[in-house]
Amino acid sequence: MNKANNHKITIGLPLMHHEQGEKRGFLPDFIYALEKSGAGVYLEHGYGSGMELEASAYSDVAPGVTFVSNDEAYQQDIVLILRCPSDEDLRKLRPGSCLISMLHYATRPERVKFLRSLGLKSISLDSIKNDSGSRMIENFRAVAWNGLEAAFEVLQNTYPDPGFFSPDRQAIQITLLGAGALGAYTVKAAVHYGSIPLHEKLAQENVPGVIVTAVDYDITNHARIMRGLLSKTDILVDASARVDSTRPIIPNDWLAYLPAHAVILDLSVDPYQQKLGKNYTKGIEGIPQGNLDKFVLFPDDPAYAKIPDYVRKENRRNVVSCYSWPGIHPRECMQIYGQQLRPIMRILLNQGGLNGINPNGRFFERAIGRALLSNYVR
Amino acid sequence: MSKKISIGFPIMREEPGEKRVFLPDFAKKLTEIGFEVFIEEGYGNSLDFYFDNYKNDNPSIHPLEHEEIFKQDYVLILRSLHDSEFALLGKDSCLISMLHYPTRPLRQKIMRKNNVQAISLDGIVDDFNVRLVENMKSVAWNGLEATYTQFEKYIPNLIRENGNPWKVLILGTGMVGKQAMEAASKLGKKERNYEHIRLGGPGAIVTNIGRNITYNKSQMIELLAESDIVVDTTQRYDPSKPIIPNEWIAHLPEHAIIVDLSADPYTLDSNPPVVKGIEGIPHGNLDQFIFEKDDPNWGITIPQSIPTANKRKAVSCYSWPGIHPESCMRHYGQQLLPLMRVLHKKNYHTLSPDGMYFERALFRARLDSYLKRKSGQKKV
């Protein structure tokens, strides 16, 4: 029961029906916290099974939890799901109910339009921000570390003589596109090879470390300088957040300057898409898009065939790309999201749902207020 | 009627350049929470605020003399009290300040001797150990802004005749290092960067390195030789040893600038002794943070035993956020408000590690919590 009225707010948590490798679901301790805050919790049958959690793992700690069908999970007052559901699933929500998900309003204008047309309210997890503008629900750390871990695994096999593990090799050179929040985490992950055990092993054996060179938009307009950088790059990382996604930062031609053994790591995961007569492209032109099922893509990978024709893709290197980098380690990822989301959900439930939230109220209410669809549209 | 919770604001008695004070709007918001606010006479004058700006007909805001300020339930001051001032605190008062427990063992000892109840602002961390009261962004941006401004004095719009980009070497990949990367890539100031781009400038190339490179002398000399700016943001395991010994500085180009964002002091008498990460550069403050190679003040803060033969222009400040005092204090005020709401309901002794989000964060910052953690670590 919530404070605002006598209606017990219900929360539905449907499964994410994306690629097979998408195994994430909120963990039992988070579900317990929802129930403790007075919500009626409805989990889709099989919830948590991707992480090898039985139904009893949830019902043991949150006895009031009910397992329901996919449709029923979408029929609750609040629907909480990490990745945005398909249009078909979105239609299952009741008009006036509230969707909480990573909705990325700014880069998904069609989604915003669709949510409004369905009469839905929403809170975009990626827009919940504190007074300083920092995201409160994020896992940039996992994006950076999981991506770098995968990239270094590939580089270990491609690095030329004397080999990646040799104390006689040069320091690894990483060129990083983007110096924002994600770029910042990337630096830390990169100098540790994306893996603390690997970092310790190589340090013990006196193997030279990692040098990260970050470049921003201004420099990427200077072909001469960029070619010089690319020619000595072992791993090229895209962690940029471009203002204009119709122009790549690294045109496909420039990939020819990368050494043959180089690895391209895509952390930004901007899509190729055609909208309103415009062609949108990835920051590094001509690399394919990976997912949790397959995130290492060699130059002959069939994924290249899915790249639209307007994109040049002749020059290729080994690519590491994943739409959902944090999902590679699902439990760790959901532990973090659950912990970050707990105070938000507590406030939301205590205030009787979205109607009770004052966007100019206290700290967490203000944070929620910034993430509302109505606020974004305004 | 129960007594209202009081909070006192003493004046910081630091170098003249230290102008920071909590702003009138913050004091007003504290009264809205329910605090009775006491302001030391003269508080705010450094920023051209006077008591009337704070009072503004608010019945819960009062002036008070220096010594009485320290007797309030809470005493809030950004930079720590001086050693002699801890004895002024009331028996039941709780000091809230940047106390840096781990790196100030002497201060810790004095606080324990005086039975001080303290909450260290830099120790208020969330469940992920992320600081809730910090201004790392200002540390990095203010430091880099000051640095690029030095170059801009003789290179308009920072566009050099040879068309080369600025090469910045950042030591350390922690919180400050992350901010420094962005600040360095944007020439220390976004407006300056926009203009630079508009005029076709090549921008900056920022190289970040961690411990697995800094130990390697030949690699470091190679990197230093091509750097225009070197930035120290490190947090060393062993602060008694520099990362860049003074002799390596000779390999920097003559025009290069060394930027000290770590602001570790030289304290050779502490245990372990502490030296700066870049050996032989001065320790600046808000009065002077630019040091030319021939600056007469170069040696004032450097102990005799530290080698200083090799010099480059140095930019160093103990309190980088204080360069823009008003925006800094607006920022801190905003971060502190939700915490003060908790402190109005709870006190030093009733804060719980099992409380809500902000209460847990405050609990971790208590001196007693820190000492308990420390003794636990020792036992392990």
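## A walk through chains A and B

Start where the chains meet: select strand β8 (residues 210–215) of chain A and β8(B), which run antiparallel and are joined by five bridges. Strands (E, at least two residues) and helices (H or I, at least four) are DSSP runs, numbered from the N terminus, and two strands pair if DSSP finds at least two bridges between them. Now click on A:Val215; its bridge partner in β8(B) is B:Ile205.

A word on what you are looking at: this is a predicted model, in which local features need pLDDT of at least 70 and side-chain atom pairs count only at pLDDT 80 or more, while totals for chains, interfaces and linings use all residues. Residues are numbered from 1 along each chain as its sequence is written, and chains are lettered from A and ligands numbered from 1 in the order in which they are written.

**The side of chain B that touches chain A**

Next, show both chains together: 26 residues of chain B are in contact with 27 residues of chain A. Here, contact means that the C-beta atoms of two residues, placed from the backbone, lie within 7 Å. On the chain B side, select α6 (175–185), α7 (190–198), β8 (204–209), α8 (211–214) and α11 (325–345), each of which supplies at least two residues. Which element gives the most to this side? That is β8(B), with five residues. Colour this side of chain B by class and you will find ten nonpolar, twelve polar and four charged residues. In this scheme, Ala, Val, Leu, Ile, Met, Phe, Trp, Tyr, Cys and Pro are nonpolar, Asp, Glu, Lys and Arg are charged, and the others, Gly among them, are polar.

Eight residues from domain 1 of chain B and eight from domain 2 of chain B make the contact.

Zoom out to see 13 helices and twelve strands in chain B. Its C-alpha trace spans about 75 × 50 × 40 Å along its principal axes.

**Back to chain A**

Finally, select domain 1 (10–127 + 330–377) and domain 2 (140–327) of chain A. The C-alpha centres of these two domains of chain A lie 32 Å apart. Their contact takes eight residues from domain 1 of chain A and seven from domain 2 of chain A.

Conventions
Domains from an automatic or database assignment.
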